[in-house]
Structures are given as structure tokens and as C-alpha cells.
Amino acid sequence: QVRLVESGGGLVQAGGSLRLSCAASGLTFSKYAMGWFRQAPGKDHELVARITESGANTHYADSVKGRFTISRDNAKNTVYLQMNSLKPEDTAQYYCAASSNPMITEGYWGQGTQVTVAS
């Protein structure tokens, strides 16, 4: 049974930082591309960042480029999202996903962690 468990969300002031973690189990982690998505109330689901199986390549949404960094530790079966210079518009539920598709269009999802950025 595949499980993805996110942690690290919370309330932070604008300009602050948070680091999200996603611990994976029940799958061969190093064989999956990983991604972080977010969804705010009334808004579409957005792919924030994704990383290839080895971690050699990453991709970011324009809205977070230069502020967020995705990384992974295949020895720990964990993917991270370092979020700096947070803005109120970053407020959303953040989800991690594991996929055999590098574009993360399908696969496994976590339950999410809430990030709230106060102005």
C-alpha cells in the first residue's frame, strides 16, 4: 500500500519560510518522479514543482520560481519543498504526488498539509 505523508505546513508571516516534507512508503521511491501541488479555495489545482527520479532535473511554476526549491533524498524516501519569501497568495493546501509519468499527470497523492501566509 502506497502512502505519502506530508508535514511542515503551518501559519507564517509574509516574507517568512517553511519547509514541507513528504515521506513515501510502499513504493520504490527512486523510480518515481515527485511533485508538489497546491490548491487554494476557489482556485484550480496547480503544479508548484516537480523533480525527476534521480533529482537531476526540476521544474517550477512561474509563480514560485526563485522562491521555492524542490529536492529529494532517495535514501530517506522523502521529498522536500523549501518555500522562502512567502506571500499571502501562497496560502493553499499543499499535496505531494508520486508518478511514473515525469509530468506527474497521474499516480499517488498524499492527504495534504495546509500553508497559511498572513499579510
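With a relative accessibility of 0%, C96 counts as buried in this predicted model, where buried stands for under 20% relative accessible area, exposed for over 50% and partly exposed for values in between (1.4 Å probe, protein chains only). Residues are numbered from 1 along each chain as its sequence is written, and side-chain values rest on heavy atoms, with hydrogens and water left out. Because the model is predicted, local features need pLDDT of at least 70 and side-chain atom pairs count only at pLDDT 80 or more, whereas totals for chains, interfaces and linings use all residues.

The structure holds one disulfide, a term that denotes a pair of cysteine sulfur atoms within 2.5 Å. This disulfide joins C96 to C22, with an S to S distance of 1.9 Å. Since C22 lies in strand 3 (residues 18–25) and C96 in strand 9, the pair ties together parts that are 74 residues apart in sequence; strands here are DSSP runs of E of at least two residues, and are numbered from the N terminus. C22, too, counts as buried, at 0% relative accessibility.

The largest nonpolar core has 30 residues, and those with the most contacts inside it are M34, W36, L81, M83 and Y94. Such a core is a set of buried Ala, Val, Leu, Ile, Met, Phe, Trp, Tyr and Cys residues joined through side-chain atoms within 4.5 Å. Two or more residues are given to this core by each of strand 3, strand 4, strand 5 (46–51), strand 7 (68–73), strand 8, strand 9 and strand 11 (113–118). For M83, when neighbours within four places in sequence are left aside, the residues in contact (heavy atoms within 4.5 Å) include L18, L20, F68, Y94 and V115.

R38 is placed in strand 4 and counts as buried, at 7% relative accessibility. Its side chain is joined to that of E46 by a polar contact of 2.8 Å and to that of D90 by a polar contact of 2.9 Å; a polar contact is a pair of N or O atoms within 3.5 Å, of which, within protein, one must be able to donate a hydrogen and the other to accept it, and residues adjacent in sequence count only if both atoms are side-chain atoms. D90 is found in the loop between strand 8 (78–83) and strand 9 (92–99) and, at 0% relative accessibility, counts as buried. Beyond its neighbours within four places in sequence, D90 is in contact with R38, R67, F68, S85, V115 and V117.

Two aromatic pairs are counted, the rule being that rings of Phe, Tyr and Trp (its six-membered ring) pair if their centres lie within 6.5 Å, with planes under 30 degrees apart taken as stacked, over 60 as edge-to-face and the rest as tilted. F37 and W109 form a tilted pair, 4.6 Å centre to centre with 50° between the planes. Since F37 lies in strand 4 and W109 in strand 10 (residues 108–109), this pair ties together parts that are 72 residues apart in sequence. F37 is buried, with a relative accessible area of 7%, whereas W109 is partly exposed, with a relative accessible area of 36%.

Conventions. Helices (H or I, at least four residues) and strands (E, at least two) are DSSP runs, numbered from the N terminus.
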